[in-house]
Amino acid sequence: MTLAQSRKPSWRDYRPGPAMLVTAAFIGPGTVTTASLAGAANGFALLWALVFAIIGAVILQNMAGRIGILRERGLAEAILLEIPNNIGRLAMAALILAALVIGNAAYEGGNLGGAVAGAQILLPAEYSGKQPLILVIAALAGLLFLFGGQKLLTGILTILVSVMSLAFIAAALAGGIDFVALASGLVPSLPDGTTLTAIALIGTTIVPYNLFLHAALARDKWTDIADDRKQDAVAEMKRDTLIAISLGGLISIAILSTAATFVFSQSLAITSAADMAQQIAPVAGDWATLTIGIGLFAAGLTSAITAPLATALIVQELFAVFRVERDQLSKGSSALYKVTGIAIIAIGAAIGFADISLLSLILTAQIANGLLLPLVAILLYRLVFRGGGDGPASLLQKIPAIAVIMVTLLLSARQLYLVIDKLGAN
């Protein structure tokens, strides 16, 4: 009798998986705006925060993926089932709904607005009306959400992420990057008044709802596999996460570098990511302006699809935990999934029509993300390293996760101190 050999996944055989949807989610208008403003106001000074966020995202997304594969549950469901009583579960469910579901509705407004801003750069003035574009992009996002399975969405979003990569990297290289200044930005520092921006950079890269999204997508992709194949699935998930998140990180660095090169070095100012296209045109030419428009449109569209997807998956998991009739789960869960996703897109479109400041909306959400992140990271750590189904872990395996949690806690604590100090002064 011959035992089946476990075959480690080869890098040459790589096919984009769930992590590519995570990259499509976090490289949205929020990332474009936050990284642009960070580079425009501070040059490369906060590049270290972005690099830390990329490394932290790889670590935490790997942990979330493990939950999906090894526990065969989404992160929201796994967290709630760890709580022994219904009152505690209801309280945690309310927190998840308030922090992630309601927040994603606000994000969707920014996603649609960002896609519109990119389209307005690309289209002639007579075809660039804001409200018609919001309707068209919202309808496209809705169709892809309703009728695109994970495989189709992964393919479409991989193409859009690749387009973003080429667009923003081309824009960054157009005027020549000062690599000495770039290297100096790798040394951690927090110049006066930059704490909020540092937290926003981390919050736009390590997004709490993306941890829930990755766990659910990993669960669905590697569902019903034999126990002796789960470690192979974990290895495949790790490779997918490293490649996809690193690609997203490269895009973020290119965006920050573009703003640092064209805006900060010339002592210019921007009020939105779309303004960056106007600022680089005199130096880099119209083609570079077009790349910014393409990148911003792709960023908005990808996130406009993944935000309702993540929200629907989270609500579906909460429904699964509190269900009463198991035989009604499939039908009710499917309907709730669709209704939730379409509702998020509709609310986002309504926010766009209300003409709420895109910049204020995005930055507020990013700061809130940075403050919420430590709690989610601690809960994830507890699930993985305290009975996560993966066997005992060594201190060496735990150190990277502990380091990420400690830094996010320090940044959040400093921000809370600054807020309290300011309130006290008033």
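The legends below describe close-up views of a predicted model of a single chain.

View 1. The chain contains 16 helices and zero strands, and 53% of its 426 residues count as buried. Of the contacts with a separation of 6 or more, 86% are made by residues 24 or more positions apart. The accessible surface comes to about 18,600 Å², and carbon and sulfur atoms hold 65% of that area. The pLDDT averages 78 over the chain, with 78% of the residues scoring at least 70; the mean is highest in helix H3 (residues 47-71), at 90, and lowest in helix H12 (residues 273-284), at 61. Residues 1-6 have a pLDDT below 50, and this stretch has three contacts in the model beyond near neighbours in sequence. Residues 325-329 also fall below 50, with five such contacts. Where pLDDT is low, the predicted coordinates should not be read in detail.

**View 2. The largest nonpolar core and the surroundings of Leu380.** This core has 111 residues, and those with the most contacts inside it are Leu60, Met63, Phe212 and Leu380. Helix H13 (residues 286-321) supplies the largest share of the core, 16 residues. Apart from this core lies another, of seven residues, including Ile69, Trp222, Ala233 and Met237. Leaving out residues up to four places away in sequence, Leu380 touches Leu60, Met63, Ala64, Ile67, Leu75 and Leu211.

View 3. Asp220 and Arg219 form a salt bridge in which the closest N and O atoms are 3.0 Å apart.

**View 4. Lys230 and its salt bridge with Glu72.** Lys230 is found in helix H11 (residues 230-262), and because its relative accessible area is 9%, below the 20% cut-off, it counts as buried. Its side chain meets that of Glu72 in a salt bridge (3.0 Å, N to O), and the pair links distant parts of the chain, since Glu72 sits in the loop between H3 and helix H4 (75-81), 158 residues from Lys230. Glu72 is partly exposed, with a relative accessible area of 37%. Aside from neighbours within four places in sequence, Lys230 is in contact with Ile69, Leu70, Glu72 and Ile225. The C-alpha atoms of Lys230 and Leu70 are separated by 6.8 Å, although the two residues are 160 residues apart along the chain.

**View 5. The salt bridge between Glu77 and Arg73.** A search of the whole structure finds five salt bridges, and in one of them the side chains of Glu77 and Arg73 meet at 3.0 Å, N to O. Glu77 counts as buried at 12% relative accessibility, whereas Arg73 is partly exposed, with a relative accessible area of 32%. Side chains of opposite charge can pair when their charged atoms come close.

**View 6. Val51 in helix H3.** Val51 lies in helix H3 and is partly exposed, with a relative accessible area of 25%. Not counting residues up to four places away in sequence, Val51 touches Leu186 and Ile253. Val51 and Ile253 are 202 residues apart along the chain, and their C-alpha atoms are separated by 8.1 Å.

Definitions and conventions:
Residues numbered from 1 in each chain as written. Predicted model: local features only at pLDDT ≥ 70, side-chain atom pairs only at ≥ 80, totals over all residues. Heavy atoms only, no water. pLDDT = per-residue confidence, 0-100. Helix = DSSP H or I, 4+ residues; strand = E, 2+ residues; numbered from the N terminus. Contact = heavy atoms within 4.5 Å. Core = buried A, V, L, I, M, F, W, Y, C linked by side-chain atoms within 4.5 Å. Buried < 20%, exposed > 50% of the residue type's maximum accessible area, 1.4 Å probe, protein only. Areas by Shrake-Rupley, 256 points an atom, 1.4 Å probe, with all protein chains shown as cover. Salt bridge = Lys/Arg side-chain N within 4 Å of Asp/Glu carboxyl O.
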